[in-house]
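Colleague: Please take me closely through one part of this model, with the cut-offs behind each term as you go. I would like a connected account that I can follow against the structure.

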Amino acid sequence: MSEMWINMGPQHPMTHGLWNLRVKIEGELILDVDPEMGYLHRGIEKISEDRHYNEVITLMDRTCYVAGLAWEHLYILAAEDALHITPPERAEYLRTMCDEFQRVGSHIMWYAAFVQDLGLMSPFLYGMRDRDLVLDLFQSYTGARMTYEYMRVGGVRSDLPLGFTDRARRVLDWLTARFVEYDQLCLGSAIFRKRCDGLGVLKATDCVEHGVTGPMLRSAGMKRDLRRDRPYAVYDQLDFDVAVADGADVTARYLVRMEELRQSVRMLRQILDWLDRHPGPAMAEELPRWLGAPYAPVGKEGYLLKRNYPKGVGFSSVEEPHGEAQAYVVNEGTEHPYRVKFRSPVFANISAARQYLVGYHVADIPPIMGSVDVCVGEVDR
Amino acid sequence: MQPADLEAALRPSVGAHLLGTEPFEGTAGRVRFAREGALDVFRAVKDRLGFRHLSMVGGIDWVDHREVFYVVWSDDARQYALLSTDLPAADPHVETASSVWPSANWHERETWELVDIQFDHHPDLRHLLMPDGYAFHPLLRSFKIHEPEDLEVKSRHV
């Protein structure tokens, strides 16, 4: 049979976003793949060069629609590093809480979309129902369900509303019981196992060679998690285990994400207890005036202050729900960053597509790419 | 790992192309090298120092010259390290890192199309985020997204 190239995308249910997977096939067998990105490129790195430090946060929410708060945290850490600002401890706890709730929301969203790719419609609805509870929590303290703009250089915008921690604990109780059902629905289903077991295998050595991180790397048995290996915010004060599996296939990635959900709930309970016991400021008190508010008036005085912007380079790295994200912020002594560079974990995970797709069949592509957890917004930026 | 450790491990195999190491907060340090020694630096950093994971490659346009930086991670030391080299703006090219770390492939494609840095012997230097045939390099400082008068208004926050 002759070989040919076919396009899966840019509009294909498998893509979960706007990108194109070009596949070279012979019959049903995949011989080669070539992902084409860029359909969602908005030039976030370029736009950031014309924005005030706090204005870049708006763009971070648009970077990844399921993990906006994690990207805000990433940028804030780099900007604070470049500007030499330390936030109060309560702000660090609030940010960590944001990260973990975001991970719960992102992984449940992944679960819903992934099982729908496999043709299981009911778990999709259960997933969307449960993620909504997390979005309700976000709404109650940030005012938004998707584009939060909650973190600020020097702290967070506002503290929690009254009764938030109790409401959050009730949501965690509900979710903990649902996670058991998720597993029963999927791992107990022969169809699920047949479509996932042994597919898309990527061994740990190949993961490292090709820059693959996050749940994909941990599903290959490698225990690397920046929350443990290079703790930021308050992760060094929390008690949790790094989720690993050893199958390196689609099922293993499912197992890792489900375990991460349980670990996130465990961390969130510790964080909520801490927040109950330690009231305090959520914003640094000694902030330069130009950072005190997102639109601080920059008039005659502002130009005087402008000379005092410190020069420097900020680097940060966080364990985002999809893997390791990095930010590199160069500050040249003006009110705008000189250069902002982001590393998206999904960018690297997709770039290795040839390694985990070649040799499988066309019908295996939706489960395999589903297990990668693609978010195109952060790939194209 | 400290900058001095990086220097001690790299000096024998890289020699004069190693321009120096300096502390960089939160990492093992930053290594500055001349582009002629790029491949030696990559191999030594990966094989001698154990930085097997290349996280990111990026470029900066400093107008009078350009800079390429690499972020690498070691699982043994649980640390990042930064490598960087300066290139003349008139002839910005450097050896590809993708023969040492395959993960550099896409990062270098992106750096080439956005910051106009040529990577020698790159296996597949095509457009990635921009459409094929796109003739500009948007992350160069000379590429303006606003008219100059717009910028004036914006920086006053009127």
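Modeller: Let us take chain B, where 41% of the 158 residues count as buried, a residue being buried if 20 or more other C-beta atoms lie within 10 Å of its own, exposed if 12 or fewer and partly exposed in between, with C-beta atoms placed from the backbone. This is a predicted model, in which local features need pLDDT of at least 70 and side-chain atom pairs count only at pLDDT 80 or more, while totals for chains, interfaces and linings use all residues. Residues are numbered from 1 along each chain as its sequence is written, and chains are lettered from A and ligands numbered from 1 in the order in which they are written.

Taken along the principal axes, a box of roughly 50 × 35 × 30 Å is filled by the C-alpha atoms of chain B. Read from the N terminus, the order of elements in chain B is α-β-β-α-β-β-β-β-α-β-α. Two residues are in contact if their C-beta atoms, placed from the backbone, lie within 7 Å; among the contacts in chain B between residues at least 6 apart in sequence, 49% join residues at least 24 apart.

An α-helix has 3.6 residues a turn, so residues three or four places apart point the same way. After α2(B) comes G50(B), with a positive phi near 80 degrees.

The largest core has 115 residues, and L74(A), Y75(A), A78(A) and A79(A) have the most contacts inside it. Apart from this core lies another, of 38 residues, which includes F42(B) together with W112(B), I117(B) and L139(B). In soluble globular proteins, nonpolar side chains tend to be buried together.

There remains the meeting of the two chains, where 30 residues of chain B are in contact with 32 residues of chain A. On the chain A side, two or more residues are given by each of α1 (44-48), α8 (204-209), β6 (311-320), β7 (323-332), β8 (339-343) and α14 (345-351) of chain A. Strand β7(A) provides the largest share of that side, four residues. By class, the side of chain A that touches chain B has ten nonpolar, eight polar and 14 charged residues, where Ala, Val, Leu, Ile, Met, Phe, Trp, Tyr, Cys and Pro count as nonpolar, Asp, Glu, Lys and Arg as charged, and the others, Gly among them, as polar.

Conventions: A nonpolar core is a set of buried Ala, Val, Leu, Ile, Met, Phe, Trp, Tyr and Cys residues joined through C-beta atoms within 7 Å.
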